[in-house]
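User: I have not looked at this one before. Can you walk me through it?
Analyst: Here it is, and then we can go piece by piece.

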Amino acid sequence: MKQVVALPDMLPMLSSYLPIIFAIGFSISIVLIVYVFWKLGHHLAQRYRDTVLNSTSVKLSDMFIFLDTAFLIKISATATVIVPLLLLIITGNPLLAVGGAVVCLFGPSFVHKRLREKRRKTLIRQLPDTLDSLVGALRSGMSLQQALGLLAEQLPKPSNQEFGLVVRKLRMGVSLDDVLEELEKRIESQEYTMFTTSMRIAREVGGNLTEALERLADTMRKKLAMEDKIDALTSQGKLQGIIVGCLPLFLMWVLTAMEPEAMAPLFNTLLGYAVLFVIFMLEFVGFILIRKIVRIDV
């Protein structure tokens, strides 16, 4: 006859196994959570590498700045770890540490844009003298390819890099129209669009290319002189925008130095973080509006 175990007799046995069951369940949950976060972090890191670092490395190579993606990853990762830790140790403010991490993460894209814009402005500034050199070479009896090769040898950087690439592609058998189209796409400026258009028109329709380039160089010099005059006239408005934008931050720093206890909730509470976020957004909107007001395209 089978022995039946009463339910009250099983309760002590079950209660002795409950801590083990809970411990196993808790361990499995922790492992699953860690795995999910690891997969998510790996996916985000891969996406960041593909969309930010790789694209930045490729775009830098377009500006003849050859930087290995692995080296760029090491710099970005090191800065993302060290800078927030230093900010947290020095200031004790986690908000500044998070802001420093965000700046380090998107720093490569920002640096690329600044370098690209600076290089583009330099190319535009050098273009009138480049056209004068091209006109002189053509009038001396050189062919167009020989004249472009002379530009690649004698022009300062970065113009010699661009025209050197043009000459190398022409020697490889690429048509002049395709080379000029690639040059126009790389630099993305109205001035180089006018230059390539003049070259195409002279090639397809005919006419005196040297006179067209001379008139174009004179027009560009007048345009650059007008832009410089506009920059000088709007410099006061730009300075006022910088002063007005920095004034709240300066007052915040002064009040923090004078009354640290009164300003402490602004940097140590959720409400203070919300206020700082609103201040940052208002400052950003004001900066964009002032920049649009003082920017005048010629």
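**Overall layout**

Analyst: The protein chain has 11 helices and zero strands. The model is a predicted one.

User: In what order do the elements of the chain run from the N terminus on?
Analyst: The order is α-α-α-α-α-α-α-α-α-α-α.

User: How much of the chain is buried?
Analyst: Buried residues account for 27% of the 298 residues.

User: And what about contacts between residues at least 24 apart?
Analyst: Counting contacts between residues at least 6 apart in sequence, 58% join residues at least 24 apart.

User: Let's take H9. How many residues does it have, and how far does it reach?
Analyst: Helix H9 covers residues 209-258, which is 50 residues. From its first C-alpha to its last it reaches 69 Å, close to the 74 Å expected at 1.5 Å a residue.

User: Where does H9 bend?
Analyst: At Thr234, by about 45 degrees. Thr234 is also one of the buried residues of H9.

User: Which others in H9 are buried?
Analyst: Among them are Leu209, Leu213, Leu216, Met220, Leu224, Ile230 and Met252. Lys223 is on that list too.

User: What do the buried residues of H9 pack against?
Analyst: Four helices: H4 (107-139), H8 (190-204), H10 (260-268) and H11 (270-294).

User: Start with H10. How do the axes of H9 and H10 cross?
Analyst: The two axes come within 6 Å and cross at roughly 125 degrees. H9 is therefore oblique to H10, since an angle from 65 to 115 degrees would count as roughly perpendicular and one over 145 as roughly antiparallel.

User: Which residues make that contact?
Analyst: H9 contributes Met252, Leu255, Thr256, Ala257 and Met258, while H10 contributes Pro260, Met263, Leu266 and Phe267. By class, the contact of H9 with H10 has eight nonpolar residues, one polar and no charged.

User: At what angle do H10 and H11 pack?
Analyst: About 80 degrees, with the axes of H10 and H11 5 Å apart. The two helices are therefore roughly perpendicular to each other. Pro265, Leu266, Phe267 and Asn268 of H10 meet Gly272, Tyr273, Val275 and Leu276 of H11. Those residues divide into six nonpolar, two polar and no charged.

User: What about the loops? Which residues does the cis peptide bond join?
Analyst: Lys157 and Pro158, with omega about 0 degrees. Pro158 is in the loop between H5 (144-154) and H6 (159-171).

User: And what is the phi of Glu188?
Analyst: Positive, about 55 degrees, although Glu188 is not a glycine. Glu188 lies in the loop between H7 (176-187) and H8.

User: Is Glu188 buried or exposed?
Analyst: Glu188 counts as exposed, because its relative accessibility is 53% and the cut-off for exposed is over 50%.

Key: Residues are numbered from 1 along each chain as its sequence is written. This is a predicted model: local features need pLDDT of at least 70, side-chain atom pairs count only at pLDDT 80 or more; totals for chains, interfaces and linings use all residues. Side-chain values use heavy atoms; hydrogens and water are left out. The expected span of a helix is 1.5 Å times one less than its number of residues. The bend at a residue is the angle between axes fitted to the seven residues ending there and the seven starting there. Buried means under 20% relative accessible area, exposed over 50%, partly exposed in between (1.4 Å probe, protein chains only). Contact means heavy atoms within 4.5 Å. Axes are lines fitted to C-alpha atoms, for helices over the stretch in contact, and angles run from 0 to 180 degrees between N-to-C directions. Angles under 35 degrees count as roughly parallel, over 145 as roughly antiparallel, 65 to 115 as roughly perpendicular and the rest as oblique. Ala, Val, Leu, Ile, Met, Phe, Trp, Tyr, Cys and Pro count as nonpolar, Asp, Glu, Lys and Arg as charged, and the others, Gly among them, as polar.
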